[in-house]
Amino acid sequence: MLSFRLQILLACLLFFTGCPGETKPPPPPSAEEALKEMAGVYKYIEYSKLPLPRKPEDFSDYWDSMPTAFDRIKQGDFVVAWGIGRAAAGAAGQQILVYEKNAATAGGGVLLRDGTVKTVTPAEFSAATIAK
């Protein structure tokens, strides 16, 4: 009898706890994370005195350092100031180097030339200077 009761108890426990369902995939990395990837790449380019990116394909060599950002650039989700590099000081450092394409209308993430990544409102975006 005890084994029958034990079987009933185990069956109830399994029924009420349920079987583990499918685990949800993790959310995609945020735009902020992708922009931080790009900040690191731009820092490396500056340190190594390499040519500045002038088109999306120029980031191909850095794909492993910026997998999220690279896809967003290719898909047009990020707007890049091509041929512009980092600037650590003064007003140039506060210019926007990369931004989410909807930042002007909905706000979004930006990468400044000094390497700062932040989220701006549409008003802050329109008041900022885009690197040229």
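This is a predicted model: local features need pLDDT of at least 70, side-chain atom pairs count only at pLDDT 80 or more; totals for chains, interfaces and linings use all residues.
Residues are numbered from 1 along each chain as its sequence is written, and side-chain values use heavy atoms, with hydrogens and water left out.

**View A. Lys36 and Glu32 pair up within helix H2.** Their salt bridge (a side-chain nitrogen of Lys or Arg within 4 Å of a carboxyl oxygen of Asp or Glu) has its closest N and O atoms 3.2 Å apart. The two residues sit four apart, about one turn of helix H2 (residues 31-48); helices are DSSP runs of H or I with at least four residues, strands are E runs of at least two, and both are numbered from the N terminus. Lys36 is partly exposed at 40% relative accessible area, and Glu32 is partly exposed at 35%. Here buried means under 20%, exposed over 50%, and partly exposed in between (1.4 Å probe, protein chains only).

**View B. Arg86 meets Glu46 in a salt bridge.** The N to O distance is 2.7 Å. Arg86 lies in the loop between strand S1 (78-80) and helix H4 (90-93) and Glu46 in helix H2, so this pair ties together parts 40 residues apart in sequence. Arg86 is partly exposed at 23%, as is Glu46 at 41%.

**View C. Lys55 forms a salt bridge with Asp58.** Their closest N and O atoms are 3.0 Å apart. Lys55 is partly exposed at 41%, and Asp58 at 24%.
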